[in-house]
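Reader: I have a model open and would like to go through it piece by piece. Can we start with a few side chains and work outwards?

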Amino acid sequence: MSEEKTMHLGVTSDQVGKYVFLPGSVERASLIAKHFDNPVKIAHNREYLTYTGTLEGVPVTVTSTGIGGPSAGIAIEELYSCGAHTMMRIGSAASTSPKVKLGDVVIPNGAVRMEGTGNHYLPFEFPAVPDFEMLRALEEAAEKLGYPYNIGVTITKDSFYTEAEPETKPVYHELKEKWDSYLKGGATNTSMECSVLFLIGASLGIRTSSVMISATNFGDYSNDADDYPSGWEERAIEVGIEAMKILIRKDQEA
């Protein structure tokens with residue numbers, strides 16, 4: 001009797017590698033899969049597009065998660081149920097500090113929990129942090145490839161437009177106070193999935209990390225594609241692929 005497919009991703013454990021990449025968009029999932037040896041499309045349901053191939057001769061998988069914590073949480077849970085033990089988000093972020101410029105590679109060493117999904121896994125006092133071994137591998141990869149990078153605290157938020165247009169919201173003053181405090185604390189960037197990944201990973205006892213490309217300069221958000229050459233996403237992808245290779249080799253030596 002064949003194994004039942006997962007409810008949302010539509011995959012089985014024999015189709016999923018132990019090492020997984022988690023981009024938000026389906027387009028980025030396809031770009032990541034191009035770096036695999038012999039990539040095969042496994043499934044596509046809703047926002048979840050999955051490919052599996054190999055790196056260093058070991059099966060690896062990429063699954064898009066959509067935008068935000070709840071959908072990312074579903075992907076993480078279902079991939080874990082299929083045996084995945086190492087998960088890396090590859091995505092984009094917005095700069096919240098002069099330290100991060102457009103096109104810089106961003107490697108979070110912790111995440112502000114400005115979201116609700118993580119509260120369903122661990123109490124608010126529990127920190128959202130990536131696996132240190134994965135963090136070191138990402139830094140090693142960025143240095144090897146020669147890309148400008150920043151290691152710092154990221155802000156994980158639940159709503160895109162309460163950051164992009166906070167003044168239009170009834171809770172503007174509360175939002176402004178929070179954002180100001182995060183920036184004064186040294187947070188360098190923001191996106192929408194990192195703390196969720198780190199917290200669910202901690203609750204499941206698996207390794208997690210994130211690498212992103214900054215889509216903005218500090219205080220200069222634009223929705224103009226001319227201001228954000230999409231090809232720069234390849235920097236984050238290359239760093240993520242190289243870091244995963246480093247991890248795979250170390251695991252094989254252990």
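Reader: Trp179 and Tyr182: buried or exposed?

Author: Trp179 is buried, and Tyr182 is too. Buried means under 20% relative accessible area, exposed means over 50%, and partly exposed is in between, with a 1.4 Å probe and protein chains only.

Reader: What kind of model is this, and how are residues numbered?

Author: It is a predicted model, in which local features need pLDDT of at least 70 and side-chain atom pairs count only at pLDDT 80 or more, while totals for chains, interfaces and linings use all residues. Residues are numbered from 1 along each chain as its sequence is written, and side-chain values use heavy atoms, with hydrogens and water left out.

Reader: How do the rings of Trp179 and Tyr182 sit, then? Start with the count of aromatic pairs.

Author: There are three aromatic pairs, where rings of Phe, Tyr and Trp (its six-membered ring) pair if their centres lie within 6.5 Å; planes under 30 degrees apart are stacked, over 60 edge-to-face, and the rest tilted. One of them joins Phe160 and Tyr161, edge-to-face, with 4.9 Å from centre to centre and 85 degrees between the planes. Trp179 and Tyr182 also form an edge-to-face pair, at 6.1 Å centre to centre and 70 degrees between the planes.

Reader: Which of its residues are buried?

Author: Leu175, Trp179 and Tyr182. Seen down the axis of H5, the buried residues fall within an arc of 60 degrees, so they line one face of the helix; the arc is taken over the directions from the helix axis to the C-beta atoms.

Reader: What is on the other side, and what covers the buried face?

Author: On the other side His173, Glu177 and Lys184 are exposed. The cover over the buried residues includes strands S6 (105–114), S7 (149–157) and S8 (189–191), and helix H4 (161–164). Just after H5, Gly186 has a positive phi of about 100 degrees.

Reader: How buried is S6, and what does it pair with?

Author: Nine of the ten residues of S6 are buried, so the rest of the structure largely encloses it. S6 runs parallel to S7, with nine bridges between them, and Val112 has Ile155 in S7 as its bridge partner. Two strands pair if DSSP finds at least two bridges between them. S6 also pairs antiparallel with S9 (residues 207–214) over two bridges, where Val105 stands opposite Ile213.

Reader: Change of topic: what about S4?

Author: S4 (residues 58–63) has five of its six residues buried, so it too is largely enclosed by the rest of the structure. S1 (residues 19–22) pairs with S4 in the parallel sense over three bridges, and Tyr19 is opposite Val60. S3 (residues 48–55) runs antiparallel to S4 with six bridges, and Tyr51 is opposite Val62. Two residues lie between the strands in the hairpin of S3 and S4, where Glu56 takes a positive phi near 55 degrees.

Reader: Which residues does Gly91 contact?

Author: Leaving aside neighbours within four places in sequence, Gly91 is in contact with Arg28, Val211, Met212, Ile213 and Ala236, contact meaning heavy atoms within 4.5 Å. Gly91 lies in S5 (residues 86–95) and is buried, with a relative accessible area of 2%.

Reader: And Glu139, where is it found?

Author: Glu139 is in helix H3 (residues 132–145) and is partly exposed at 28% relative accessible area. Beyond its neighbours within four places in sequence, Glu139 contacts Ile107, Tyr149 and Ile151.

Definitions and conventions
Helix = DSSP H or I, 4+ residues; strand = E, 2+ residues; numbered from the N terminus.
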